[in-house]
Amino acid sequence: MQETPKFTPILLGSDFNVYGMARSLYALYHQPVKAIASIQLAPTRYTKVVDLELIPGFDEDPVWIESMRKIKARYKDHAEPVILIGCGDGYAELIAKHKDELSDTFVCPYIDYDLLKHLNNKERFYEICDKYQLPYPKTRVITKDEHDNRQVIDQPFDYPVALKPANSVEWLDVHFEGRKKAFRIQSREEFDRVLDAAYENGYKSDFLLQDFVPGDDSNMRVLNAYVDQHHHVKMMCLGHPLLEDPAPSAIGNYVAILPEYNETIYQQIKTFLEAIEFTGYANFDMKYDARDNTFKLFEINLRQGRSSFFVTLNGYNLADWVVKDYVKQDLAEEPTVYGNQNPEQHALWLGVPVKTFKKYARENADKERALELIKEHRYGTTYEYSDDMNLKRWALIKWMNHNYVKNFDRYFAENKG
């Protein structure tokens with residue numbers, strides 16, 4: 001256990017991301033971590049690691065900024081740094097939006113709002129990718145006006161195609177039967193049906209129709225990075241997902257990640273992040289395209305991901321980078337850490353029971369490597385933490401795992417088969 005540094009972290013949210021960050025901090029400092037959210041979610045129930053405060057409506061303005069002004073008053077005379085860490089797209093956006101007002105009291109390790117709005121909109125992100133020569137899937141933008149004017153929207157790619165909302169934050173508030181985080185469209189009829197439902201139920205932004213990069217989940221990669229307050233990349237950790245959640249509301253959520261080292265990806269993303277003068281945590285999703293031997297970028301998340309505890313699991317405590325940067329002030333002269341160079345230190349991250357991974361992960365050499373790590377007990381999950389276990393939490397984890405088993409049995413063939 002490290003000496004407790006003189007700082008106060010405040011996590012925004014109550015999901016897996018929050019628990020992973022809180023657990024990472026607790027493992028170092030053995031202090032419960034303050035979190036604030038609008039609702040209570042399962043990952044942060046029955047825990048001594050998270051001290052959760054609930055404020056109804058806290059996930060949107062004006063409630064958010066009005067609440068933050070009151071919270072700011074609590075800490076106005078606080079001698080130690082108070083670090084705000086948004087653990088979701090919406091919270092990261094809110095911190096960036098109000099950073100000027102909050103920064104006299106809180107450490108806000110986020111980029112400016114204008115840059116954030118360009119990066120967290122997939123359409124604008126791809127424009128930036130063009131500027132910095134980063135590969136991404138061939139894309140056709142579909143606007144609401146095109147749909148509303150009943151134009152026949154041309155289909156430049158063969159089916160199946162990928163269809164994604166360009167505005168992921170706005171998409172969180174759109175609900176209809178058959179809604180998914182992202183769609184693999186098999187026919188013109190399905191394409192028209194999804195667009196009609198989305199725009200009829202309040203979505204206003206663009207869609208991105210994309211050439212579907214062939215291959216299963218094991219062609220995906222996920223990269224987590226931390227960039228210090230001087231815009232220098234200090235940590236990069238690459239993961240190789242082997243399985244994704246097939247449930248409609250969770251498609252794209254990884255549930256099995258092997259650590260991986262790839263110098264080309266590391267240097268490519270490092271150059272990009274430093275060129276745009278990024279600050280804070282970044283999370284990239286990409287997929288290997290065997291047709292041209294490139295990794296196609298799908299998106300950048302301006303925060304840690306729900307599966308990002310795999311970074312801590314492999315020895316690069318994800319939460320401590322911001323502490324080293326803003327509290328200890330000892331990160332500036334440190335070299336960049338490129339994760340996972342030593343296979344002897346690798347550990348498999350799982351978000352589902354071992355039996356589910358064994359049943360559904362595609363048979364290949366990577367799965368065999370994962371099974372070896374399981375056999376050697378070199379694996380872990382975000383939410384099963386021996387230092388934070390009690391009867392209620394144990395029962396909750398059993399219930400969550402039961403639901404994962406049901407969802408895979410119900411949805412895998414339809415959405416991932």
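Which residue caps the N-terminal end of α14? In this predicted model, local features need pLDDT of at least 70, side-chain atom pairs count only at pLDDT 80 or more, and totals for chains, interfaces and linings use all residues. Residues are numbered from 1 along each chain as its sequence is written, and side-chain values use heavy atoms, without hydrogens and water.

The cap of α14 is Asn364. A side-chain oxygen of Asn364 lies 3.1 Å from the backbone nitrogen of Asp366. Helix α14 spans residues 365–375. Helices (H or I, at least four residues) and strands (E, at least two) are DSSP runs, numbered from the N terminus. Lys367, Ala370, Leu373 and Ile374 of α14 are buried, that is, under 20% relative accessible area, with exposed meaning over 50% and partly exposed in between (1.4 Å probe, protein chains only). Seen down the helix axis, these buried residues fall within an arc of 115 degrees, so they line one face of α14. The arc is taken from the directions from the helix axis to the C-beta atoms. The face turned away from the buried side carries the exposed Ala365 and Lys375. Just after α14, His377 takes a positive phi of about 60 degrees.

The buried residues of α14 pack against β10 (233–244), β11 (254–260), β15 (348–350), α13 (354–360) and β16 (379–380).

The largest nonpolar core has 115 residues. Such a core is a set of buried Ala, Val, Leu, Ile, Met, Phe, Trp, Tyr and Cys residues joined through side-chain atoms within 4.5 Å. Its largest share, eight residues, comes from helix α1 (residues 16–29). Apart from this core lies another, of 23 residues, among them Ala42, Ala256, Tyr360 and Ile374.

Conventions:
Contact means heavy atoms within 4.5 Å. A polar contact is a pair of N or O atoms within 3.5 Å; within protein, one must be able to donate a hydrogen and the other to accept it, and residues adjacent in sequence count only if both atoms are side-chain atoms.
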